[in-house]
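Hi,

Here is the structure I said I'd pass on.

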Amino acid sequence: MLHTLFFSPSGTTRKYATAMTESFGGDSQMIDLTHGSCQAERDLAAGDTVLLIAPVYAGRIPSPAAEQFRRIDGHGMKAIVAVVYGNRDYDDALLELADIATENGFEVIAAGAFIAQHCIFPKVAAGRPDGSDMTIAADFIKRAKESDRLDISAIKGNRPYKQPGAVPLQPQTAEKECHRCGICIKECPTGAIDPATFATDREKCISCCRCIAVCNSNARKFKGIMYATAGKIFCAKNSRRRDPELFF
């Protein structure tokens, strides 16, 4: 049986998680860790395989996701690890996730870094994952299913991991468009939106774009001169198409 545990605030990591789970075949379950802890361990059994998949934020696994993954005891089960990044670089994130799995008692058998549309600057890798990405993801999971232990040292990345830089851009509420439905407050993984004012707490916000993804009135968005300027620079540097990188 395959247990897919994923963290996907903006929804693109979920797309990969779903495609990989379906391609694995047989019995499976998907466990969404975006909103916090779950009792995943109670369903894990000897002989099962676990897929751990998360987005990349500033070259690292998002801290809420890393915290959830660290709570899961592998008991010697096989694990496939994967990260999804917005076409810049995944830096140390894949190695970090493989290390977490190994430290928790999993036997890592495969690892992969995949590309999706950037959540902060959506012009970068727009429309991804596309058909080619989905085909590669399906082939990856089928090959991983038959793989033995992976040599973790083959995964790109460095230890110590890079320091996660603070993202100076956070979504804000456009007052005229906001219907005060509160879905952004309910769905925010870090509780960063004030329920009274709908203002963003810059200390809590991890710029995961969950609030943008769930807002039905397009009231949550990035805006301002800094965002526009940063977007032009980021797009200019990261528009070249990148392909997934796989390790077996």
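Let's start with the largest pocket, which has a volume of about 640 Å³. Before going on, note that this is a predicted model, where local features need pLDDT of at least 70 and side-chain atom pairs count only at pLDDT 80 or more, while totals for chains, interfaces and linings use all residues. Residues are numbered from 1 along each chain as its sequence is written, and side-chain values use heavy atoms, with hydrogens and water left out.

Some terms: on a 1 Å grid over the protein atoms alone, a pocket is an open set of points with protein on both sides within 12 Å along at least five of seven lines, a cavity is a set where a 1.4 Å probe fits but cannot get out, and lining residues have an atom within 4 Å of a point. Points are joined across faces, edges and corners, and a volume is the space filled by probe spheres set on them.

Back to that largest pocket: 36 residues line it, and V56, A58, H118, I120 and F234 lie nearest its centre. Helix α7 (225–237) is one of the elements that each supply at least two lining residues, along with α1 (12–24) and β4 (78–85). The biggest contribution is from α7, with five residues. (Helices, H or I of at least four residues, and strands, E of at least two, are DSSP runs numbered from the N terminus.) By class, the lining has 21 nonpolar, 12 polar and three charged residues; Ala, Val, Leu, Ile, Met, Phe, Trp, Tyr, Cys and Pro count as nonpolar, Asp, Glu, Lys and Arg as charged, and the others, Gly among them, as polar.

The second largest pocket comes to about 350 Å³. Of its 20 lining residues, Y57, S63, P164, G165 and I206 are closest to the centre. Helix α2 (residues 63–69) gives the largest share, three residues.

Cheers
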